[in-house]
Every structure is written in C-alpha cells, then in structure tokens.
Amino acid sequence: MKEQLRISEAEQKKLAEKIDGYVRSIPDFPEPGIIFRDITTVTQNPQGLQDAIDAMEKHIQWMEDEVDVIVGLESRGFIFGMPIARDLKKAFVPVRKKGKLPRETVSKKYDLEYGQAEIEMHTDAIKPGQKVLIVDDLIATGGTIEASIDLIEQLGGEVVGCLFLIELAGLNGRKKLKGYPVESVVIYDGK
C-alpha cells in the first residue's frame with residue numbers, strides 16, 4: 001500500500017472543517033442530549049456534495065490501488081459510494097435491507113439499540129479474493145458495518161478498509177472494526 005500518500009493531520013483538519021461547515025447539527029434529536037448530524041445540507045449543496053466526495057477520496061488515496069470493489073450500505077452509503085466507485089473505476093455493490101434484492105442472497109442480523117435489523121447482499125456480488133472498501137455516510141455504533149464485513153468475508157472477499165464522511169466517536173463504533181483500516185472525514189466527539 002502507498003502509506004506515503006496518507007494525508008497529513010493538517011490536511012485532515014482542513015478537510016474536516018470544510019465538510020463540518022456543510023453539516024447541520026440538530027440538538028436534542030431524536031432524543032434529549034443527542035446531536036443529530038444531518039448530511040442533507042451537504043448533499044443538497046452541489047459544492048458540498050463535490051467537496052464531501054473529494055474529501056472521502058483524499059482519505060483513501062493511499063489504498064485505492066488495493067481496492068477492487070466499493071460496497072455501499074443502504075441508503076446513504078449509495079450516495080457516496082457510487083461516485084467514488086465511478087471516479088476510481090471500481091465496481092459498486094449495494095448492501096440492502098432484508099427483502100430488497102431479487103436474487104439469491106446472504107444475510108446477517110445485527111443488534112440495534114432497540115431490537116434487530118437484517119441486511120443482505122447477492123451471493124454473486126463479491127468474488128473470492130476481491131479486495132473491498134466499505135463506504136457509508138456515518139459510523140455510530142458500528143453494527144451495520146460489522147454485519148457488512150461478515151457478509152463480504154462469507155463470500156470470500158477481503159475488507160481492506162472502511163470509509164465514512166462522519167464518525168460519532170462517542171458511540172465507539174471504531175472498536176467493532178478493530179483490525180480494519182478506518183478513515184473518517186469529520187469526527188465528532190459526542191453521540
């Protein structure tokens with residue numbers, strides 16, 4: 001891997017400040033004490049969307065030659081994963097909520113704060129040995145990403161990294177991804 005292409009702390013800070021300027025922070029939603037990080041203010045601004053995709057790509061430039069497939073998680077992972085796949089000339093594979101894919105699938109249940117959810121991929125979406133970058137808009141507790149890693153590895157893929165526009169560090173999702181490179185453009189300390 002091209003470790004020398006990792007961006008500097010100064011550049012990381014500059015990119016984070018730029019993207020943070022587009023993110024709308026809504027206090028006490030969905031419950032008191034939570035600050036909701038709304039990315040619609042990023043995506044509805046043409047320059048904000050371009051800046052977000054550019055910043056995400058900058059964070060993975062050191063690994064892009066190692067990636068065969070971009071996996072995007074429903075649904076906001078599609079927003080960022082598809083243009084990144086296009087720009088890097090890589091395949092794009094969606095991870096969907098249970099019941100949304102028409103052919104044979106593999107699925108994985110995972111825990112939510114109040115209950116469970118299930119995601120799935122087509123059984124032919126990842127070929128054995130393919131190197132995969134997972135893309136999503138945000139990492140919180142890490143449950144969806146952890147389940148996605150399980151599906152990719154079940155199909156014989158190798159996860160070479162996880163890329164997020166936003167990370168909510170206070171929810172410790174990164175801990176579930178130990179052993180996998182994690183890149184986040186903007187990191188908020190709280191929940």
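Buried here means under 20% relative accessible area and exposed over 50%, with partly exposed in between. The views below are close-ups of a predicted model.

**View 1. Glu11 in helix α1, and its separation from Lys58.** Glu11 belongs to helix α1, which covers residues 9-20. Lys58 lies 47 residues away along the chain, and the C-alpha atoms of Glu11 and Lys58 are separated by 9.6 Å.

**View 2. Helix α3, its cap and its cover.** Helix α3 comprises the 15 residues 46-60 and reaches 22 Å from its first C-alpha to its last, which is close to the 21 Å expected at 1.5 Å a residue. The N-terminal end of α3 is capped by Asn45, a side-chain oxygen of which lies 2.9 Å from the backbone nitrogen of Gln47. The buried residues of this helix include Gly48, Asp51, Ala52, Ile53 and Met56, as well as His59 and Ile60. Among the elements that cover the buried residues of α3 are the helices α1, α2 (40-43) and α4 (76-88), together with the strands β7 (131-139), β8 (158-168) and β9 (182-188).

View 3. Seen as a whole, 7 strands form an open sheet of mixed pairing, in the order β5-β6-β4-β3-β7-β8-β9. Strands β5 (105-112) and β9 stand at the edges with a single partner strand each, so one side of each is left without a neighbour in the sheet. On average, and with direction ignored, neighbouring strands of this sheet are turned by 20° against each other. The partner of β5 is strand β6 (residues 115-122), and the two pair in the antiparallel sense over 8 bridges, with Glu120 in β6 as the bridge partner of Ser107.

**View 4. Strand β3 and its two parallel neighbours.** In strand β3 (residues 69-73), 5 of its 5 residues are buried; Val69, Val71 and Leu73 point one way from the strand, whereas Ile70 and Gly72 point the other way. β3 pairs in the parallel sense with strand β4 (residues 91-97) over 5 bridges, and Pro94 in β4 is the bridge partner of Gly72. Parallel pairing also joins β3 to β7, here over 4 bridges, and Val69 stands opposite Val132 in β7. Together, β3, α4 and β4 make a right-handed β-α-β unit.

View 5. Ser184 is placed in strand β9 and counts as buried because its relative accessibility is 7%. A polar contact of 2.7 Å joins the side chains of Ser184 and Glu167. When residues up to four places away in sequence are not counted, the residues that Ser184 touches include His59, Ile139, Phe164 and Arg174.

View 6. Most residues other than glycine have a negative phi, and most peptide bonds are trans. In the loop between β1 (24-27) and β2 (35-38) lies Pro30, and the peptide bond from Phe29 to Pro30 is cis, with omega near 5°. Asp28, which lies in the loop between β1 and β2, has a positive phi near 60° and is partly exposed, with a relative accessible area of 49%. A cis peptide bond with omega near -10° runs from Glu74 to Ser75, and Ser75 is placed in the loop between β3 and α4. Lys89, found in the loop between α4 and β4, has a positive phi near 60° and is exposed, with a relative accessible area of 75%.

Note on methods. Residues are numbered from 1 along each chain as its sequence is written. This is a predicted model: local features need pLDDT of at least 70, side-chain atom pairs count only at pLDDT 80 or more; totals for chains, interfaces and linings use all residues. Side-chain values use heavy atoms; hydrogens and water are left out. The expected span of a helix is 1.5 Å times one less than its number of residues. Buried means under 20% relative accessible area, exposed over 50%, partly exposed in between (1.4 Å probe, protein chains only). Contact means heavy atoms within 4.5 Å. A polar contact is a pair of N or O atoms within 3.5 Å; within protein, one must be able to donate a hydrogen and the other to accept it, and residues adjacent in sequence count only if both atoms are side-chain atoms. Two strands pair if DSSP finds at least two bridges between them. Axes are lines fitted to C-alpha atoms, for helices over the stretch in contact, and angles run from 0 to 180 degrees between N-to-C directions. A crossover is right-handed if, with the strands pointing away from the viewer, the path from the first strand over the helix to the second runs clockwise.
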